[in-house]
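Here's a quick briefing on the structure below. Have a look at it first, then work through the notes by topic.

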Amino acid sequence: MKISFSVNGERAELDVEPRRTLADALREDCGLTGTHLGCEHGVCGACTVLVDGEPARACLMFAVQVDGASVSTVEGLQGTDGRLHPVQEAFVACHGLQCGFCTPGMLMSACHLIDTEPHADRETIRAQMSGNICRCTGYQGIVDAVERARDEMCTPTPPGRDGPAR
């Protein structure tokens, strides 16, 4: 089945079997291996991507479901100049990752949280990030990282300093 969708701002056209998962299409057909497969039951969150701006488990979605949609993966976070996204920088600075397996899904969930709840408190951050399982960090660094990124991304910039006020 032929599908066409946007992935990280680039048009992708694939011919996929109707039963092919989005995770497999991203990893194998698009070469975007940052979307990790952990449980393949939608429980761990390692495969979290954004579909039309909403978090989705790529292991549970069929690729045909994104026909005409916009998909964002962890590879799309880094700037074209090579700079890390503020959420990625915060995860590094706050030790929000260790082995890195869950990190792509955590980053995508964190980006969605900051975009939709820019004033989330620690309790809300913990609740919203609870859909992503990490076996290494103990979550404190992850919550710290989301909070740090939120503060950096959602703090108004004074006029004349790196652009207009947000």
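A residue is called buried when its relative accessible area is under 20%, exposed when it is over 50%, and partly exposed in between (1.4 Å probe, protein chains only). This is a predicted model, so local features need pLDDT of at least 70 and side-chain atom pairs count only at pLDDT 80 or more, while totals for chains, interfaces and linings use all residues. Residues are numbered from 1 along each chain as its sequence is written, and side-chain values use heavy atoms, with hydrogens and water left out.

- A56 sits in strand 4, residues 54-57; helices (H or I, at least four residues) and strands (E, at least two) are DSSP runs, numbered from the N terminus.
- A56 counts as buried because its relative accessibility is 12%.
- Contact means heavy atoms within 4.5 Å, and beyond its neighbours within four places in sequence A56 is in contact with C47, T48, V49, V51 and M61.
- L22 is 34 residues from A56 along the chain, with 9.9 Å between their C-alpha atoms.

**The nonpolar cores**
- A nonpolar core here is a set of buried Ala, Val, Leu, Ile, Met, Phe, Trp, Tyr and Cys residues joined through side-chain atoms within 4.5 Å.
- The largest one has 25 residues, and V87, F91, M106, I125, M129 and V146 touch the most other members.
- At least two residues of this core come from each of helix 2 (86-93), helix 3 (103-116), helix 4 (122-129) and helix 5 (140-154).
- Helix 3 is the top contributor to this core, giving seven residues.
- Not counting residues up to four places away in sequence, I125 touches L113, A120, V143, V146, E147 and R150.
- There's also a second, separate core of 22 residues, with F5, V16, A25 and A63 among them.

**R122 in helix 4**
- R122 belongs to helix 4 and is partly exposed, because its relative accessible area is 24%.
- Leaving out neighbours within four places in sequence, R122 is in contact with Q140, V143, D144 and E147.
- A polar contact is a pair of N or O atoms within 3.5 Å; within protein, one must be able to donate a hydrogen and the other to accept it, and residues adjacent in sequence count only if both atoms are side-chain atoms.
- The R122 side chain makes such contacts with the side chains of D144, at 2.9 Å, and E147, at 2.5 Å.

**V92 in helix 2**
- V92 is part of helix 2 and counts as exposed because its relative accessibility is 51%.
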